[in-house]
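Subject: Structure handover

Hello,

Here is the structure for your files.

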Amino acid sequence: MYKRILTSALLFGMVATGPPAAAMTCAPRVDLVDRLSTEFNETLTATGLQNARSLIEVWSSVGGDSFTILVSHPNGISCVVSAGKYWTTITPAPAPDKEGVAG
């Protein structure tokens with residue numbers, strides 16, 4: 001019985017000291033954009049609609065030194081979901097000409 005109590009206490013203690021699930025940085029979009037622009041020299045490089053209530057934004061610096069991925073919501077709040085270094089933009093190759101494809 002004491003083993004179970006001790007194990008539970010240790011597990012719950014470790015969980016309590018870890019970062020909370022809400023540790024994801026969320027703030028008004030204008031504040032995050034201002035910080036990304038001034039502190040990291042990042043600009044908006046790509047966007048995509050995740051669903052009717054979430055817009056994915058990729059911000060990156062010109063030299064690829066840093067990048068940040070935001071999820072922005074209609075209420076004006078954005079959350080940082082990822083950030084890192086060495087961003088590389090890959091341009092997709094053009095689709096082959098359909099006239100030259102045998103069918």
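The model is predicted, so local features were taken only at pLDDT of at least 70 and side-chain atom pairs only at pLDDT 80 or more, while totals for chains, interfaces and linings use all residues. Residues are numbered from 1 along each chain as its sequence is written, and side-chain values use heavy atoms, with hydrogens and water left out. Helices (H or I, at least four residues) and strands (E, at least two) are DSSP runs, numbered from the N terminus. Buried means under 20% relative accessible area, exposed over 50%, and partly exposed in between, with a 1.4 Å probe and protein chains only.

Disulfide

A search of the whole structure finds one disulfide, the term being used for a pair of cysteine sulfur atoms within 2.5 Å. C26 is joined to C79, with an S to S distance of 2.0 Å. The torsion about the S-S bond of C26 and C79 is about 110°, so this disulfide is right-handed. It links distant parts of the chain, since C26 is in strand 1 (residues 26–28) and C79 is in strand 5, 53 residues apart. C26 is partly exposed at 41% relative accessible area, whereas C79 is buried at 10%.

Aromatic pair

Rings of Phe, Tyr and Trp (its six-membered ring) pair if their centres lie within 6.5 Å; planes under 30 degrees apart are stacked, over 60 edge-to-face, and the rest tilted. For F67 and W87 the ring centres are 4.9 Å apart and the planes are at 45°, so the pair is tilted. F67 lies in strand 4 and W87 in the segment after strand 5, so the pair ties together parts 20 residues apart in sequence. F67 is buried, at 15% relative accessibility; W87 is partly exposed, at 28%.

Helix 2

L32, V33 and L36 are buried in helix 2. Seen down the helix axis, the buried residues fall within an arc of 100°, so they line one face of helix 2; the arc is that of the directions from the helix axis to the C-beta atoms. On the other side of helix 2, V30, T38 and E39 are exposed.

Largest pocket

A pocket here is an open set of points on a 1 Å grid over the protein atoms alone, where a 1.4 Å probe fits, with protein on both sides within 12 Å along at least five of seven lines; lining residues have an atom within 4 Å of a point. The largest pocket holds about 190 Å³ of space, a volume being the space filled by probe spheres set on the points. It is lined by 13 residues, and the closest to its centre are L36, F40, T68, V80 and A83. Helix 2 (29–39), strand 4 (66–72) and strand 5 (77–85) each give two or more residues to the lining. Strand 4 gives the most, with four residues.

Single residues

L70 is in strand 4 and is buried at 0% relative accessibility. The C-alpha atoms of L70 and I56 are separated by 5.8 Å, although the two are 14 residues apart along the chain.

N41 is not a glycine but has a positive phi of about 55°. N41 is in the loop between helix 2 and strand 2 (42–51) and is exposed at 55% relative accessible area. Y86, also not a glycine, has a positive phi of about 60°. Y86 sits in the segment after strand 5 and is exposed at 69%.

Regards
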